[in-house]
Amino acid sequence: MDRNELEKMLSNKRAESEPEKGTCTVDGRELTEMEKATQYVGEDIFEVIKVIRDPEHKDYSLSDLGVVKRSGITLNYYKGFKHAHLTIFVTPTVPHCHLTTHIALCIHERTARYLPPETKWKLNLYLTPGSHDNEGDVNKQINDKERVIAGLENKDLLREIMKCTDDEICTLTQ
């Protein structure tokens with residue numbers, strides 16, 4: 001994708017209306033205002049991941065390109081706030097994107113670094129339905145715990161991931 005195509009796509013994405021936020025529940029009910037003020041909610045998760053740099057277009061963040069959106073985040077707490085199931089939908093910029101697994105590892109790395117350790121987190125990443133040519137295979141791969149751990153333990157791959165998730169890099173366009 002050349003620079004002109006990328007700028008056109010960004011212009012179109014900015015024009016799309018997006019719901020303000022995804023959903024957040026505790027034990028099947030909506031959070032109270034007090035709980036929203038004291039617990040991580042979808043908006044907090046979005047703030048953590050929106051700044052991740054795109055591995056191919058490093059001048060842009062995942063939110064700039066519409067790869068991650070507030071509306072694509074669902075957070076459900078269980079057993080009070082001891083356990084949480086976090087689901088994030090990712091929309092690749094093109095249906096044949098070859099960096100979706102790399103982007104997923106970036107999201108895994110950044111959420112692992114920033115989510116509160118007092119809660120046991122289960123993270124599931126999914127491609128937005130219909131957004132990728134190999135959606136089913138990629139969804140299996142990016143949610144395979146052993147593959148994710150192996151990817152994050154690979155020094156060369158981790159170096160590339162950190163180029164997209166490092167705090168210094170991620171604050172360039174906030």
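**Exercise 1. Helix H4**

Task: In this predicted model, what should helix H4 (residues 100-114) span, and how far apart are its end C-alpha atoms?

Solution: 
- Count the residues of H4: there are 15.
- Apply 1.5 Å a residue, using one less than the number of residues.

Task: How many of the 15 residues of H4 are buried?

Solution: 
- Take under 20% relative accessible area as the cut-off.
- Eleven of the 15 residues pass, so H4 is mostly covered.
- Among them are Thr100, His102, Cys106, Glu109 and Arg110.

**Exercise 2. An aromatic pair**

Task: How many aromatic pairs does the model hold? Which geometry, stacked or edge-to-face, describes Tyr77 and Phe81?

Solution: 
- The count is three aromatic pairs.
- For Tyr77 and Phe81, the ring centres lie 4.7 Å apart.
- Their planes stand at 70 degrees.
- Angles over 60 degrees count as edge-to-face, so the Tyr77 and Phe81 pair is edge-to-face.
- Tyr77 and Phe81 form one aromatic cluster with Trp121.
- Tyr77 has 1% relative accessibility, so Tyr77 counts as buried.

**Exercise 3. Asn139**

Task: Where is Asn139? Is Asn139 buried or exposed? Which backbone atom does its side chain reach?

Solution: 
- Asn139 sits in helix H5 (residues 135-142).
- Its relative accessibility is 13%, so Asn139 counts as buried.
- The Asn139 side chain reaches the backbone nitrogen of Leu127 at 2.7 Å.
- Beyond neighbours within four places in sequence, Asn139 is in contact with Leu125, Tyr126 and Leu127.

Note on methods
Residues are numbered from 1 along each chain as its sequence is written. This is a predicted model: local features need pLDDT of at least 70, side-chain atom pairs count only at pLDDT 80 or more; totals for chains, interfaces and linings use all residues. Side-chain values use heavy atoms; hydrogens and water are left out. Helices (H or I, at least four residues) and strands (E, at least two) are DSSP runs, numbered from the N terminus. Buried means under 20% relative accessible area, exposed over 50%, partly exposed in between (1.4 Å probe, protein chains only). A polar contact is a pair of N or O atoms within 3.5 Å; within protein, one must be able to donate a hydrogen and the other to accept it, and residues adjacent in sequence count only if both atoms are side-chain atoms. Contact means heavy atoms within 4.5 Å. Rings of Phe, Tyr and Trp (its six-membered ring) pair if their centres lie within 6.5 Å; planes under 30 degrees apart count as stacked, over 60 as edge-to-face and the rest as tilted.
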